[in-house]
Amino acid sequence: MWVKLKPFWGSTVGLAPYSDVSYHINALRDFGYGKTNITYKGSGGFTELYWGNGFAVTKNLSVGVNASLVFGSVTKTESIALSNADMVLEKKIYANRLSLDAGIQYRFRVSKKYAVVLGATIDQERKLEGSRESSLFKSTAVAGVMLSLDSNTSRVQYIFPGKVGLGVSVETTRSLVAADFQFQSWSKADFGERNVTYEDVNRLSFGYMYKGNSKSDNYLSRISLRSGFHYQNHYFKLENTLLDNWGVSFGMGLPIQGNRATLQLTYAYECLGTLSNGLVKENSSKVMVDVIVRDIWGIKRRFE
């Protein structure tokens, strides 16, 4: 939700996914008495509750600050299939943290037709503090029943990487072309995993939008169009192989009741991973529907 508190001050409140854990991996491990099947599972994630504020310092210069609370939980399990029973090690992690990030934007005209916007963002390194519950289970003869062998709770601290971003856009009355670069220092991340290293992530994004003519009497002329492309390396390197992540998207904005609301339709395709060295490649498609409502609250009436 976004509101304009003053002519120079806008504020927004939102709830969004911050990170997600979702995997199911089967592997064979040799513990000295033959190969044994072992299964790794992970689920859960963290959510961000944020309060953002933007200020127009001058006619062309704006700054913004976001305060956010990151919270959530992650469950990880390791299951080993033995000859007489199954052993399961389960870890449940709960953590939360308050943090700040900021941005700056400068807009200027190079001609009557073109305007250029330069921007930069910085997101501080986040240290999440919480607890970890570790439990060891053994299967019994009764299907689906697990016998608890051991459990303990400990305090944990996880380090989410900081990131910086730079962006530039060129804007006309009807069109906008933008490019962004983001660097995230994943090599400094720490989630309490032994013998696990992460790679720094570099992300490039490009986008184009045709804004449409909101003042036109022709409905088709008021429709906005947009497309985008992004590329980044993944923060995991598996089998000494870097994983690529890229995607494209296409969308349109359909005006409703004049310009009081807009129905945004978006299709996105994303590719993650590689088939080299026996690894896994994931292709995904998403269809997104957003509704933007422009309220008239705060507008003075000219006629009663």
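Student: In this predicted model, is R107 buried, exposed or partly exposed?

Tutor: R107 counts as partly exposed, because its relative accessible area is 32%, and that value falls between the cut-offs of 20% for buried and 50% for exposed.

Student: Which residue does R107 pair with in a salt bridge, and how should I read such a pair?

Tutor: In general, side chains of opposite charge can pair when their charged atoms come close. Here R107 forms a salt bridge with E171, and the closest N and O atoms are 3.6 Å apart. Since E171 belongs to strand 10 (residues 163–171) and R107 to strand 6, the pair ties together parts that are 64 residues apart in sequence.

Student: What other salt bridge does E171 make?

Tutor: The side chain of E171 also meets that of K211, at 2.4 Å from N to O. K211 lies in the loop between strand 12 and helix 1 (219–222), so this pair joins parts that are 40 residues apart in sequence. E171 counts as buried because its relative accessibility is 17%, whereas K211, at 24%, counts as partly exposed.

Student: How do I read a pocket, and which residues line the second largest pocket?

Tutor: Rolling a probe the size of a water molecule over the atoms shows where empty space is left. The second largest pocket, with a volume of about 460 Å³, is lined by A178, A179, D180, R203, S205, F206 and G207. Strand 12 gives the largest share of this lining, four residues.

Notes. Residues numbered from 1 in each chain as written. Predicted model: local features only at pLDDT ≥ 70, side-chain atom pairs only at ≥ 80, totals over all residues. Heavy atoms only, no water. 1 Å grid on protein atoms, 1.4 Å probe; cavity = no way out; pocket = protein on both sides within 12 Å on 5 of 7 lines; lining within 4 Å. Points joined across faces, edges and corners; volume = space filled by probe spheres on them. Helix = DSSP H or I, 4+ residues; strand = E, 2+ residues; numbered from the N terminus. Salt bridge = Lys/Arg side-chain N within 4 Å of Asp/Glu carboxyl O. Buried < 20%, exposed > 50% of the residue type's maximum accessible area, 1.4 Å probe, protein only.
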